[in-house]
Every structure is written in structure tokens, then in C-alpha cells.
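Reader: Hi! I've just opened this one on my screen. Could you walk me through it?

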Amino acid sequence: MILAAIEDLGDKSGSNKSAISRYIEGKYDGDLPPAHASLLAAHLARMKESGELVFVKNNYFRADAPDAPPKRGRGRPPKARDPGAPVSPPSGRGRGRPPKPKDPLDAAVKQATAGMPRARGRPPKKAKTEGGASPAPAGDGSTPVKRGRGRPPKVRPVVPSETAAA
């Protein structure tokens, strides 16, 4: 019905939805369902998606019509290229970020562990070495002091009292 309506209307600029609806209502007066408008909209959308109709400037054309404009894809059209322009060779640089340089030490480690399957999950903690649970003394400055978890307590400045000075 829709293709017949577009063909019989014969507009060069295509037929819009209201013109198609009026034509169908005039021709098939008593045989239309009450939901004619919503059905027409759904069928027009389906025919547009399937390629039977071309939709340009709010007008519908038959896809095989000689005066229908060519169908364009989505997005911005590519730039027109001049056929007489010389073709430039591609530059030596590739696209994107250049690869990181190969590290010989990293390659040796990978090669040494290549035959062994890798264990799953988090690696186990290293065993504690001598000294047990007590932290190292902080006086010499060579080893750092192990701090406890959480926020440290506020350090209160020591105020010299008058009795201590006398």
C-alpha cells in the first residue's frame, strides 16, 4: 500500500508521511484499522531500515526510483581526492605510540622463566629473617623503624616547667 501510494502521488521531491496517510485513507476508506497512523509510522520505519524506501528531507522515495538521491552511509563523508595529485609515500613513522625499547635484563628473566608454569594468585610473603618480632633500633639511622598500623598518635611538645629549671 505504501509503495503504491508513493508511486501514485508521483512527487519529484518524494512524499511525506501525511501525504501517504491521506492517500491511503482516501483509497481504502472503510478497510483501515483504528491504529492506522501508528501502523503507518512503524511500516515506514521498517521499510526505511530494510532499504525499500529512502528517507531524505522528511520525504520518502522508492529505493529503485531514478530520481532518488544516492544513499549515504553514517558519519562524515570522506574528502574528495584529486586524481591528478601525486601520491605521497607513507612516512617512516607508524601510527600510534612507539613501542618501548627492549630491556636486555628483562628479556633474560623472561627467557629463564619461560619453561616453568607460573603460579596462580598472589605470591607468598617472604620469610622473616633473624630478629623476630622486635623492630630494629632507630638510633643509628641505617635501618628504618617499623611503624604500627593506622594514624600515629599526636606528638605533644614538651614544655619546660619552672621547677625543672630551678
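Author: Happy to. Let's start in the strands: Val54 stands opposite Phe61 in strand 2. Keep in mind that this is a predicted model.

Reader: Nice. Which residue stands opposite Asn59 in strand 2?

Author: That is Val56.

Reader: And in what sense do strand 1 and strand 2 pair?

Author: They pair in the antiparallel sense, over four bridges. The two strands form a hairpin with two residues between them. Lys57, in the turn, has a positive phi of about 50°.

Reader: Let me zoom out for a second. How many helices and strands does the chain have?

Author: There are five helices and two strands. Starting at the N terminus, the order of the elements is α-α-α-β-β-α-α.

Reader: How much of the chain is buried?

Author: Buried residues make up 11% of the 166 residues. The chain exposes about 16000 Å², and carbon and sulfur atoms supply 56% of that area.

Reader: What share of the contacts comes from residues 24 or more positions apart?

Author: It's 39% of the contacts in the chain with a separation of 6 or more.

Reader: Okay, on to the core. Which residues make up the largest nonpolar core?

Author: There are ten in all: Ile2, Ala5, Ile6, Ile20, Ile24, Leu40, Leu44, Met47, Leu53 and Tyr60. Helix 1, helix 2 and helix 3 each supply at least two residues of this core. As a general point, nonpolar side chains tend to be buried together in soluble globular proteins.

Reader: Let's take those helices one by one. Which residues of helix 1 are buried?

Author: Ile2, Ala5 and Ile6 are the buried residues there. Seen down the axis of helix 1, they fall within an arc of 95°, so they line one face of the helix.

Reader: What covers them?

Author: The cover includes helix 2, helix 3, strand 1 and strand 2. Just after helix 1 comes Gly10, which takes a positive phi of about 60°.

Reader: Now helix 3. Which of its residues are buried?

Author: His36, Leu40, Leu44 and Met47. They cover an arc of only 70° around the axis, which puts them on the same side of helix 3.

Reader: Why would residues spaced like that point the same way?

Author: An α-helix has 3.6 residues a turn, so residues three or four places apart point the same way.

Reader: Got it. What do the buried residues of helix 3 pack against?

Author: They pack against helix 1, helix 2, strand 1 and strand 2.

Reader: We skipped helix 2. What's buried in there?

Author: Ala19, Ile20, Ser21 and Ile24 are. What covers the buried residues of helix 2 includes helix 1, helix 3 and strand 2.

Reader: What is Ile24 in contact with?

Author: Leaving aside neighbours within four places in sequence, Ile24 is in contact with Met1, Ile2, Ala5, Leu32, His36 and Leu40.

Reader: Last one from me: where does Ser15 lie?

Author: Ser15 lies in the loop between helix 1 and helix 2. With a relative accessible area of 1%, it is buried.

Reader: So which residues does Ser15 touch?

Author: Not counting residues up to four places away in sequence, Ser15 touches Ile6, Leu9, Ile20, Asn59 and Tyr60. Of these, Ile6, Ile20 and Tyr60 belong to the largest nonpolar core.

Reader: Great, thanks for the tour!

Methods. Residues are numbered from 1 along each chain as its sequence is written. This is a predicted model: local features need pLDDT of at least 70, side-chain atom pairs count only at pLDDT 80 or more; totals for chains, interfaces and linings use all residues. Side-chain values use heavy atoms; hydrogens and water are left out. Buried means under 20% relative accessible area, exposed over 50%, partly exposed in between (1.4 Å probe, protein chains only). Contact means heavy atoms within 4.5 Å. The arc is that of the directions from the helix axis to the C-beta atoms. A nonpolar core is a set of buried Ala, Val, Leu, Ile, Met, Phe, Trp, Tyr and Cys residues joined through side-chain atoms within 4.5 Å. Accessible areas come from the Shrake-Rupley method with a 1.4 Å probe; for residues, only the protein chains shown count as cover. Two strands pair if DSSP finds at least two bridges between them.
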